[in-house]
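Visitor: Could you walk me through this one slowly?
Guide: Gladly, here it is.
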2 protein chains.
Amino acid sequence: MNDTSNPLLLRDQLCFSLYAASRSVTALYRPLLDELGLTYPQYLVLLVLWEHGDSPVKDLGAALQLDYGTLSPLLKRLEANGLVRRARRADDERSVSVALTEEGLALRDRALSVPPVIGTAMGLDDAEFEVLRGLLSKLTTSVQAYTA
Amino acid sequence: MNDTSNPLLLRDQLCFSLYAASRSVTALYRPLLDELGLTYPQYLVLLVLWEHGDSPVKDLGAALQLDYGTLSPLLKRLEANGLVRRARRADDERSVSVALTEEGLALRDRALSVPPVIGTAMGLDDAEFEVLRGLLSKLTTSVQAYTA
DNA sequence: TCCAACTAGATCGTGCACAACTTAAGTTGG
DNA sequence: CCAACTTAAGTTGTGCACGATCTAGTTGGA
């Protein structure tokens, strides 16, 4: 079996490139987010809250494509760290509304210094950046349509 | 603060696209790999072994960019499932050589049916596929150079 | 020769991801 | 009215990832 006919070669697999790239970017965030006392998924939750304000857990899950099994303990940790508050909604006791505390809101200013560092480290020009983002979106959309 | 000047918008973050795409692809693999009794990282380890044969744990880690903390328990599970054997090398007792069993070798034939399904579901043409793979490699290289 | 430095690997603790199951609250049709 | 259904969230168990720490084997000088 020569190389070109072997579909199981690691270096040819887009999926591995994706997996490796994702982990390397998370590793890039780690020291920066450590300064803020956050993990990458926690930072993503805060991005949603900073952008949209108080949100039910369901909406956070929809925005980040994460389920309750991931979000429930994560939100508990954010609450334990004083960044968010959770409260049952009065009009629908099933729903839990997640709100930023003063501290959680204040953290946004410090977080503003993160994206520029990430952008520089990625080493892509504006055009490459947009092409990559577009292809990743297309890929995710296709895959999720296929999975559904 | 209008949209174009806010660097903390979720939808603009390439990193989130990458994170979401990676998880969606792993989710796509899951039902296929379940048939083979494998997880995605386990499948990656087997890709390396099918391609290169017996390898020390160190080499598996280098190929997949995973550390011993991840690989040691993963390899234990592969061994418990009868797919690999681990043995200390006689010429260097520090090194553990990971070898495929008959069963692990035989699994390769069944794994050949996986990549075509993944390829179809991703919904990218050949050109997009190569552009994406190239940009991901460039990104990973830049990020790792920056991290180092 | 001897031992300090280095190396390969394992272990432990924390925090995701996600499937499967449970609980409690709300909704609806007969 | 209320039983059947649906929905939002939490819980449990398994398997990554990864930092920190530990052990045992190897190596290179003084």
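Guide: We will talk about the contact between the chains and then about a sheet. This is a predicted model, in which local features need pLDDT of at least 70 and side-chain atom pairs count only at pLDDT 80 or more, while totals for chains, interfaces and linings use all residues. Residues are numbered from 1 along each chain as its sequence is written, chains are lettered from A in the order in which they are written, and side-chain values use heavy atoms, with hydrogens and water left out.

Visitor: How many residues does the contact take from chain A and chain B?
Guide: It takes 62 residues from chain A and 62 residues from chain B, where contact means heavy atoms within 4.5 Å.

Visitor: And which kinds are they on chain A's side, nonpolar, polar or charged?
Guide: The side of chain A that touches chain B has 41 nonpolar residues, 13 polar ones and eight charged ones; Ala, Val, Leu, Ile, Met, Phe, Trp, Tyr, Cys and Pro count as nonpolar, Asp, Glu, Lys and Arg as charged, and the others, Gly among them, as polar.

Visitor: How many salt bridges cross over?
Guide: The rule finds two across this interface, each being a side-chain nitrogen of Lys or Arg within 4 Å of a carboxyl oxygen of Asp or Glu. One of them joins Lys138(B) to Glu128(A), at 2.8 Å from N to O.

Visitor: New topic: what is the strand order of the sheet in chain B?
Guide: The order is 1-3-2 in an open, antiparallel sheet of three strands, strands being DSSP runs (E, at least two residues) numbered from the N terminus, which pair if DSSP finds at least two bridges between them.

Visitor: Why is one side of strand 1 and of strand 2 left without a neighbour?
Guide: Strand 1 (55-56) and strand 2 (84-88) of chain B stand at the edges and have a single partner strand each, so one side of each has no neighbour in the sheet.

Definitions and conventions:
Helices (H or I, at least four residues) and strands (E, at least two) are DSSP runs, numbered from the N terminus.
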